Amino acid sequence: MRQIARLTAALLRAYLRDRIALFFSLIVPLMLMVIFGYLNLGEFGRVSLAIDDQAKNSASDQLTTILKGIDTLDVTESSTDAALMKLRRTELDMLVVIPADFAIAPARPGQTVPQVTVYGDDARPQQVAVGRQIIASVIDRISFAVTQTAPVVGVKDESVQGVRLRYVDFLVPGILGVNIMQLAVFSVAFALVADKQRGVLRRIMATPVRIANLLTAHVITRLFIATGQVAVLLIVALVLFNVTIVGGLGPLVVVALLGTLLFLTIGFALAGWAQTENQVPAIAQLITLPQFFFSGVFFSKNAAPEVIRPITNLLPLTFLNDALREISVQGASLWDVRTQIAGLIVWIGLGFLLAVRLFRFERF
Amino acid sequence: MPPIVQVADLRKRYGEIEAVRGISFDVQQGEVFGMLGPNGAGKTTTVEILEGLRKADSGSARVAGVDVFADPSGVKQRIGVQLQASAFPEHLTARETVDFFAACYDLDVDAIGLLRAVELDERAGQLQERLSGGQRQRLSIATALVNSPQVLFLDEPTTGLDPQARRNLWGLIQSIRRGGTTVFLTTHYLDEAEVLCDRVAIMDQGRIVAMDPPRKLIGDLLARGFTKPVAQQQASLEDVFLDLTGHELREA
């Protein structure tokens with residue numbers, strides 16, 4: 001324990017003196033965030049929504065009017081059949097069908113509550129999720145106004161002003177996830193392979209230091225750096241993009257650190273395997289690029305062909321992004337995202353075993 | 001006293017190349033033992049096997065009473081090493097570097113005292129990557145001494161150093177030996193072996209071809225009727241160089 005603390009102190013001191021490493025761990029992620037944040041803001045900013053109002057009463061009018069007044073939504077009125085056609089051609093993100101018996105009134109025992117049916121385009125789950133959030137919170141607010149009781153089904157948190165939810169709110173957790181992956185995999189792999197090539201690791205291995213302790217010290221060092229990185233990214237997201245983070249900052253940071261830990265173990269495994277610095281970017285890209293595309297960072301993870309979806313759903317970054325997004329966008333608690341956390345922990349275990357196994361310093 | 005290093009029939013092969021071809025030798029406690037040979041003779045491979053950094057194919061090796069193959073970590077606890085192609089972690093000062101290695105042994109040391117022993121205490125706060133070649137070699141020896149080793153392994157310690165820095169390092173090695181530490185060094189400088197070593201083993205193509213005190217090796221050669229074609233000069237160009245530039249270290 002004491003050995004780990006001493007090694008960590010030395011490594012952290014060295015890391016903070018390394019301007020280039022600091023640049024890559026803070027400035028580059030910020031640039032990524034700013035670039036993608038602005039890029040995606042205009043391009044995917046609105047959710048196209050069709051409403052088929054079969055009720056045509058005052059309650060349905062009220063709902064339609066509120067939805068039309070929301071900036072994020074691009075609302076048209078349409079028949080169900082026509083809208084479903086458009087939906088299949090992905091010309092539309094969502095369809096809301098308001099049933100003929102739609103009313104806003106306190107539910108009495110034994111009476112069925114009118115069901116608003118929402119269709120969504122599977123290929124655009126981010127937009128659909130944003131839309132669902134908005135619809136749910138609007139209905140909650142209307143029914144709350146009428147019944148003066150808490151809604152039976154609905155959003156957990158009163159502060160969930162779903163109406164304010166924009167695409168960038170949805171995007172930020174994904175950017176956070178991808179930056180965590182990039183920092184952990186690349187910075188660790190480059191630094192350690194450089195140490196290996198220069199003979200630093202060889203010199204350290206001539207001492208009886210335990211590899212696990214050395215690795216742990218490196219991991220803790222990077223967790224400190226990653227905490228700083230996450231903090232800076234969140235502050236910029238809040239200030240620059242005025243991002244809404246519905247869930248708690250605490251759970252968000254916990255999940256972010258778990259993700260950092262996971263990608264660090266992968267970075268270490270890579271550093272252990274690679275013999276030269278030239279091998280690092282190639283393999284690191286091979287590991288990170290598929291996750292970049294298939295883990296729902298900028299593109300829908302459901303854009304992947306159905307056959308490989310069981311695989312993409314198990315990718316490390318998928319677990320991380322899903323957990324970050326559910327906390328940030330839907331206000332989930334750590335317990336709510338326990339499945340994703342379990343996935344992250346399994347990957348951490350696998351990565352750690354792989355890293356310890358692959359760490360070899362012999363040149364021959 | 002039993003030998004502090006015992007090696008019997010050590011072999012190591014890298015694919016087609018047989019780097020070490022069945023060597024046997026002992027190193028006595030308290031001596032400076034030198035391994036001489038041209039580049040590629042197998043010196044570094046031998047040393048790295050004894051340091052627990054490399055596995056041998058066959059044979060046996062005991063260092064400081066520990067079987068190197070069975071307990072490499074136990075050997076590492078008892079020896080100090082200076083590797084040939086190695087470097088220190090970047091962005092640490094000389095003092096922090098010594099402390100870092102002390103942490104690797106899980107020991108508390110007087111870092112400044114160790115730096116003073118290698119005449120580097122005035123550079124304690126300087127980043128190690130800004131030290132000169134000779135200073136870095138001395139720092140390297142300071143880090144090798146953090147665990148008060150029984151045997152100090154130095155792999156070509158003076159390669160790349162200027163004559164002043166070499167002689168300064170010789171003095172340091174002799175003072176370490178006076179402190180009772182056995183020193184095992186490799187070199188391809190024959191004058192260095194002659195000045196420092198109680199005994200030398202000459203290695204060539206993976207085999208030890210001769211092993212004796214330097215004086216005896218020279219005496220044996222002369223006894224076989226060897227004469228140099230030109231009479232030995234009483235001074236060498238290095239003597240001229242040192243006479244003109246002095247023995248003091250030239251490190252800013």
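A cavity here is a set of grid points where a 1.4 Å probe fits but cannot get out, and a residue lines it when one of its atoms lies within 4 Å of such a point. With that in hand, welcome to a quick tour of a predicted model. The second largest cavity is lined by A:Leu215, A:Val219, A:Thr265, A:Phe268, A:Phe352 and A:Ala355. From there we move to the helices around that space, then to an open pocket, and finally to a helix pair in chain B.

**The second largest cavity**

- The count of cavities of 30 Å³ or more comes to two.
- The second largest cavity has a volume of about 30 Å³.
- Three helices of chain A each supply at least two residues of its lining: helix 8 (211-240), helix 9 (249-273) and helix 13 (338-358).
- Five of the lining residues are nonpolar and one is polar, with no charged residues.

**Helix 9 against helix 13 in chain A**

- The axes of helix 9 and helix 13 of chain A come within 8 Å and cross at roughly 25°.
- Angles under 35 degrees count as roughly parallel, so helix 9 of chain A is roughly parallel to helix 13 of chain A.
- The crossing of these two helices of chain A is left-handed.
- On the helix 9 side, the contact is made by A:Val255, A:Leu258, A:Leu261, A:Leu262, A:Thr265, A:Phe268, A:Ala269, A:Gly272 and A:Trp273.
- On the helix 13 side, the residues are A:Ile341, A:Leu344, A:Trp347, A:Ile348, A:Gly351, A:Phe352, A:Leu354, A:Ala355 and A:Leu358.
- By class, this contact divides into 15 nonpolar and three polar residues, with no charged ones.

**Helix 9 against helix 12 in chain A**

- Helix 9 of chain A also comes within 9 Å of helix 12 (residues 316-330) of chain A, axis to axis, and the two cross at roughly 170°.
- Helix 9 and helix 12 of chain A are therefore roughly antiparallel to each other.
- From helix 9, A:Pro251, A:Leu252, A:Val255, A:Ala256, A:Gly259, A:Leu262, A:Phe263 and A:Ile266 take part in the contact.
- Their partners in helix 12 are A:Pro316, A:Leu317, A:Leu320, A:Ala323, A:Leu324, A:Ile327 and A:Ser328.
- This contact has 13 nonpolar, two polar and no charged residues.

- About 840 Å³ of space lies in the second largest pocket.
- Of the 32 residues that line this pocket, A:Asp18, A:Ala21, A:Ser187, A:Ala191 and A:Arg222 are the closest to its centre.
- Helix 1 (2-17), helix 2 (19-43), helix 6 (167-198), helix 7 (200-205) and helix 8 of chain A each give two or more residues to the lining.
- Helix 6 of chain A gives the largest share, 10 residues.
- The lining holds 19 nonpolar, seven polar and six charged residues.

**Helix 5 against helix 6 in chain B**

- The axes of helix 5 (residues 133-144) and helix 6 (residues 163-178) of chain B come within 10 Å and cross at roughly 15°.
- That angle makes helix 5 of chain B roughly parallel to helix 6 of chain B.
- The crossing of this pair in chain B is right-handed.
- B:Gly134, B:Gln137, B:Arg138 and B:Ile141 in helix 5 meet B:Ala165, B:Asn168, B:Leu169, B:Leu172 and B:Ile176 in helix 6.
- Five residues of this contact are nonpolar, three are polar and one is charged.

Note on methods
Residues are numbered from 1 along each chain as its sequence is written. Chains are lettered from A and ligands numbered from 1 in the order in which they are written. This is a predicted model: local features need pLDDT of at least 70, side-chain atom pairs count only at pLDDT 80 or more; totals for chains, interfaces and linings use all residues. Side-chain values use heavy atoms; hydrogens and water are left out. On a 1 Å grid over the protein atoms alone, a cavity is a set of points where a 1.4 Å probe fits but cannot get out, and a pocket is an open set with protein on both sides within 12 Å along at least five of seven lines; lining residues have an atom within 4 Å of a point. Grid points are joined across faces, edges and corners, and a volume is the space filled by probe spheres set on the points. Helices (H or I, at least four residues) and strands (E, at least two) are DSSP runs, numbered from the N terminus. Ala, Val, Leu, Ile, Met, Phe, Trp, Tyr, Cys and Pro count as nonpolar, Asp, Glu, Lys and Arg as charged, and the others, Gly among them, as polar. Axes are lines fitted to C-alpha atoms, for helices over the stretch in contact, and angles run from 0 to 180 degrees between N-to-C directions. Angles under 35 degrees count as roughly parallel, over 145 as roughly antiparallel, 65 to 115 as roughly perpendicular and the rest as oblique. A crossing is left-handed if the near helix is turned anticlockwise from the far one by less than a right angle, and right-handed if clockwise. Contact means heavy atoms within 4.5 Å.
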